[in-house]
Amino acid sequence: MDIKERFGNKIKELRKLKGISQEKLANLAEIDRTYLPTIEKGERNVSIEVVEKLAKALDVKVKDLFDE
C-alpha cells in the first residue's frame with residue numbers, strides 16, 4: 001500500500017469515527033465533494049493545503065493524518 005492509499009484510508013477512518021458523510025466532510029474542508037472519494041481511494045496526490053483543510057475539518061492535527 002502506498003502513501004496515498006494509507007492517507008486516504010486514514011481520512012476515511014477518521015471521517016467514519018466522527019460519523020460524517022463524505023459530502024459533509026468536503027463541505028467542512030471547503031473542497032469539491034467529488035474530490036474527497038478519490039482522496040479516500042488513494043487516487044489523488046493531495047497538496048499540503050488540502051491536508052491542512054482536512055485536518056481542520058476533522059478537528060485533528062496534521063500529524064494525526066499520517067499516524068498508522
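This is a predicted model: local features need pLDDT of at least 70, side-chain atom pairs count only at pLDDT 80 or more; totals for chains, interfaces and linings use all residues.
## Helix α1 against helix α4

Two packed helices are described by the angle between their axes and the distance between the axes. Helix α1 covers residues 3-18 and helix α4 covers residues 48-58. Their axes come within 11 Å and cross at roughly 20°. Angles under 35 degrees count as roughly parallel, so α1 and α4 are roughly parallel to each other. The crossing of these two helices, α1 and α4, is left-handed.

On the α1 side, the contact is made by Phe 7, Ile 11, Leu 14, Arg 15 and Lys 18. On the α4 side, these residues meet Val 51, Leu 54 and Leu 58. Sorted by class, the contact of α1 with α4 has 6 nonpolar and 2 charged residues, with no polar ones.

## Helix α2 against helix α4

Helix α2, residues 22-29, also packs with α4. Here the angle is about 115°, and the axes are 8 Å apart. Angles of 65 to 115 degrees count as roughly perpendicular, and α2 and α4 are therefore roughly perpendicular to each other. The crossing of α2 and α4 is right-handed.

From α2, the residues in contact are Leu 25, Leu 28 and Ala 29. They meet Lys 53, Leu 54, Ala 57 and Leu 58 in α4. The contact of α2 with α4 divides into 6 nonpolar residues, 1 charged residue and no polar residues.

Leu 54 and Leu 58 of α4 take part in the contact with α1 and also in the contact with α2.

## The largest pocket

The largest pocket has a volume of about 160 Å³. Its lining includes Met 1, Ile 3, Arg 6, Phe 7, Asn 9, Lys 10 and Glu 13. Leu 65, Phe 66, Asp 67 and Glu 68 also line this pocket. By class, the lining has 5 nonpolar, 5 charged and 1 polar residues.

Technical notes: Residues are numbered from 1 along each chain as its sequence is written. Side-chain values use heavy atoms; hydrogens and water are left out. Axes are lines fitted to C-alpha atoms, for helices over the stretch in contact, and angles run from 0 to 180 degrees between N-to-C directions. Helices (H or I, at least four residues) and strands (E, at least two) are DSSP runs, numbered from the N terminus. Angles under 35 degrees count as roughly parallel, over 145 as roughly antiparallel, 65 to 115 as roughly perpendicular and the rest as oblique. A crossing is left-handed if the near helix is turned anticlockwise from the far one by less than a right angle, and right-handed if clockwise. Contact means heavy atoms within 4.5 Å. Ala, Val, Leu, Ile, Met, Phe, Trp, Tyr, Cys and Pro count as nonpolar, Asp, Glu, Lys and Arg as charged, and the others, Gly among them, as polar. On a 1 Å grid over the protein atoms alone, a cavity is a set of points where a 1.4 Å probe fits but cannot get out, and a pocket is an open set with protein on both sides within 12 Å along at least five of seven lines; lining residues have an atom within 4 Å of a point. Grid points are joined across faces, edges and corners, and a volume is the space filled by probe spheres set on the points.
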